[in-house]
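Walk me through this structure.

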Amino acid sequence: MQHDEVIWQVIRHKHCSFMAKIETGKFCRNPYNVTGICNRSSCPLANSRYATIRDHDGVFYLYMKTIERAHQPNQLWERVKLPRNYEKALEIIDKHLMYWPKFLVHKTKQRLTKMTQMRIRMRKLALKTREKIMTTPRKEKKREARREEKAEKAAVLDKSIEKELLERLKRGVYGDIYNYPADKYNEILDKEQLAASDIEDDEEEAEIEYVEGYDDLEEEEDMEDFSGLAINKSSADDNDVGMDDDDDEETVAVDHKRMRRESSLALRKLEKDDPGAKPKKKARVLVEVEREDADERQKAVH
């Protein structure tokens with residue numbers, strides 16, 4: 001049968017693994033202690049009827065121990081989950097500890113109050129942005145420094161190897177014997193070609209071009225000839241009276257000469273522009289000459 005006074009005398013005067021003696025007093029490390037002080041009324045081992053508050057990941061629980069369950073260590077403590085509302089939690093404590101000693105009821109409520117205040121302060125601190133100071137061991141710093149040096153040496157070696165291989169590929173040392181990836185090689189060749197083309201563009205001077213300057217004049221002469229033909233035609237139509245057959249023949253001969261000259265000029269122009277092109281047929285100007293019998297003209301004159 002359990003006797004609380006005997007247990008307390010043994011714990012207090014001989015040995016207790018949860019006792020912590022310091023200059024200010026004696027404290028208890030037992031997580032079920034409601035006050036944290038090592039005394040007769042607060043000891044969870046020397047009291048067969050005991051109650052306390054514990055925190056599990058931000059959730060508060062009311063723990064209760066009775067003498068009826070002392071023979072069952074696995075079911076020694078009965079716990080009840082407390083709501084987050086402080087007033088409702090106090091009501092649940094009053095309900096479950098209605099006939100318990102007033103000291104335990106008061107200390108349990110006091111512990112709930114302190115833990116609630118602590119939780120509020122933790123939330124406020126979590127919302128604030130604070131600098132976090134972290135220490136790194138000296139051995140870890142040295143190890144990281146050695147790794148950086150090795151990585152730098154490996155990177156330099158890889159670059160030198162790549163450069164040497166590209167130079168050998170450029171010289172054609174390997175030829176077509178090996179099936180090597182030539183992507184990098186082609187990429188560098190493209191870069192060199194682009195750089196060379198840029199340099200040539202900068203060094204090139206403005207080219208001098210020569211252009212024919214008589215094309216417009218020839219076109220103007222052609223237009224003048226065509227206009228002259230039209231004028232001759234109109235004058236011939238207006239001045240039919242008094243014209244002879246000899247005059248008509250002369251005008252027809254002149255028209256034929258002009259048409260030959262125009263065709264020769266057009267052929268020369270086409271040869272200058274495109275020597276291999278075939279000459280196009282130029283539209284001919286048809287001149288209609290009305291001829292009347294000599295008798296009718298004489299009658300018209302008389």
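This is a predicted model: local features need pLDDT of at least 70, side-chain atom pairs count only at pLDDT 80 or more; totals for chains, interfaces and linings use all residues.

**Strands, rings and sulfurs**

Lys 65 stands opposite Trp 77 in S5. Strand S4 spans residues 59-65, and strand S5 spans residues 77-81. The two run antiparallel, joined by 5 bridges.

On to the other partner of S4. S3 covers 50-56. S3 and S4 pair in the antiparallel sense too, over 7 bridges. Here Asp 55 is placed opposite Phe 60 of S4. The two strands make a hairpin, with 2 residues between them. Asp 57 sits in that turn and has a positive phi of about 55°. How much of S4 is buried? The count is 6 of its 7 residues, so the strand is largely enclosed by the rest of the structure.

Now the rings. The model holds 4 aromatic pairs. One of them joins Tyr 32 and Tyr 63, edge-to-face, with centres 5.7 Å apart and 75° between the planes. Tyr 32 belongs to the loop between S2 (26-28) and S3, while Tyr 63 belongs to S4, so this contact ties together parts 31 residues apart in sequence. Tyr 63 is buried, at 7% relative accessible area.

Tyr 32 also pairs with Trp 77. Their ring centres are 4.4 Å apart and their planes meet at 15°, so this pair is stacked. Trp 77 is partly exposed, with a relative accessible area of 22%. Ring pairs link Tyr 32, Tyr 50, Tyr 63 and Trp 77 into a cluster.

A charge joins the picture. The charged end of Arg 54 sits over the ring of Tyr 32, 4.7 Å from the ring centre. That charged end also sits over the ring of Tyr 63, 5.9 Å from its centre.

Last, the cysteines. Seen from Cys 38, the closest cysteine sulfur is that of Cys 28. Cys 28 counts as buried, at 16% relative accessibility. Cys 38 is buried as well, with a relative accessible area of 11%.

Methods
Residues are numbered from 1 along each chain as its sequence is written. Side-chain values use heavy atoms; hydrogens and water are left out. Rings of Phe, Tyr and Trp (its six-membered ring) pair if their centres lie within 6.5 Å; planes under 30 degrees apart count as stacked, over 60 as edge-to-face and the rest as tilted. Helices (H or I, at least four residues) and strands (E, at least two) are DSSP runs, numbered from the N terminus. Buried means under 20% relative accessible area, exposed over 50%, partly exposed in between (1.4 Å probe, protein chains only). A charge sits over a ring if NZ of Lys or CZ of Arg is within 6 Å of the ring centre and within 35 degrees of the ring normal. A disulfide is a pair of cysteine sulfur atoms within 2.5 Å. Two strands pair if DSSP finds at least two bridges between them.
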